[in-house]
Amino acid sequence: MKKQKEQGQALIILAFALIVLAGMAGLAIDGGRLYVLRREAQGAADAAALAGTRKLAEYIVECTVGNNDAVDKAILGMLRNNGFAFDPSNPPNNIDVKAWYVDRNENTLSYAFPAGEPGRAPGLAVVIINEPPDGATGVRVRLVVTETTTMLRIVGQQHLVASAEATAMTGPAHITQFSGGGMLPIGFPVQQVDRIVSSGDYEFTMFDGSGAICRRDGVDCPSNPAAQASRGWLNFNYIYHWTWHSNPAATNPNGINLNGSTSSSLNRVLSTSMSNADLKQWAEYGAPHPIYFGTRGNASRPDNINDPLRYPLDGDFIVGDPGARESTRKIICDTHMGQVVYLPLFDYVQQESYMNSKFVSPSNPRKFPKGQFLYYHIVGFLAARIDSCSGGKTIDGTFMSALIGGETVGPGMGYNSNAARQGSCPLGTYSIALWR
């Protein structure tokens, strides 16, 4: 009798041990699955919030009436690309998605998804939202994913639940600057960056036979901007910025300081001449002042010189001087061979008549230069490696990366239905970033 009792007790202990082992195995297996699922859900929510906010930013920047369905498609499309397909007409049982518009203070304004869901904007009655609400500067996405357990169901745990939430914001980008060495005084056309990236051929040649910047295989030498725009050397002591010249200090009505003082970092109109000595020094040590870049012009718009979306005024206008400058080219080759350097990117060039029509004209001795001088509108920076200088008067390089437009978000007014319908929106660079 005693032996049978001992055997019964052993079976009970064994059964309990098996349950404990199964629970431990379940924690290891299903716990690992839950960790991965949470990471995947968070990555999908981040990407979806950015996608929805990017569509919202398009409406703000282009001054067009927003479409809530398009925002929904952007959100759901990015979730699908990240492995969480959600069909509103036949939603899966294990995925729940919700999204809201938020203002600059992260207050919830209304639903972005589901489309047409009633939402309550501050101070307004409940309405059906067909476009983003006024003041929207971002999108918040919440994703909840449920999966069945494998081992933990033995101990009564039937489901794994992973939830993730992300908020992305859009707003005017802060003025971005580049300071310090390595910024060469050579303007690089942003259109050529487009060609380099789209072709996948990252090798280029500066100052080829026609003076242009081309792919190294000789293809895609741009005719617009004109060749002389591509071969100009930039005068880092002759830089105009609309913010400074349109609203100069009261003691400085001409927008410049004739004593050469840089009381404002935007005031860099210091010398009309660009001596070979200056150019050689910049070629070796880089720009002596901060360089600020602005909004890239929208070349798809009609060519109207007074259209601020085609020809933005923000950012620096740097005076350029065509010429061979062989001694400066040699310094670049000797100093920076095999190293990464930076070049200002420009989207268009203008002449003296344009500058006189848009800027406060400086007094002597620093009037806008005439003749061969051009004004390069700076929209970003290019990082490139200097490879060789063996082709006569050329410099061969390899594209590394480019920064075009602003990158630091400072949320501003946000979406405005009246401005969108009137097509009147403030000029500025907008960017998108994850907020939390």
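A residue is called buried when its relative accessible area is under 20%, exposed when that area is over 50%, and partly exposed in between (1.4 Å probe, protein chains only). The model is predicted, and local features need pLDDT of at least 70, whereas side-chain atom pairs count only at pLDDT 80 or more and totals for chains, interfaces and linings use all residues. Residues are numbered from 1 along each chain as its sequence is written, and side-chain values use heavy atoms, with hydrogens and water left out.

Because its relative accessibility is 0%, Pro185 counts as buried. Pro185 is placed in the loop that links β7 (176–178) to β8 (188–189), where strands are DSSP runs of E with at least two residues, numbered from the N terminus. Although 157 residues separate Pro185 from Tyr342 in sequence, their C-alpha atoms are 9.1 Å apart in space.

The strands β1 (95–102) and β2 pair in the antiparallel sense over four bridges, pairing being assigned if DSSP finds at least two bridges between two strands. Within this pair, Trp100 stands opposite Tyr111 in β2. Five of the six residues of β2 are buried, and this strand is therefore largely enclosed by the rest of the structure.

Most residues other than glycine have a negative phi, and most peptide bonds are trans. A cis peptide bond, with omega of about 5°, joins Phe113 and Pro114, and Pro114 is found in the loop between β2 (108–113) and β3 (118–119).
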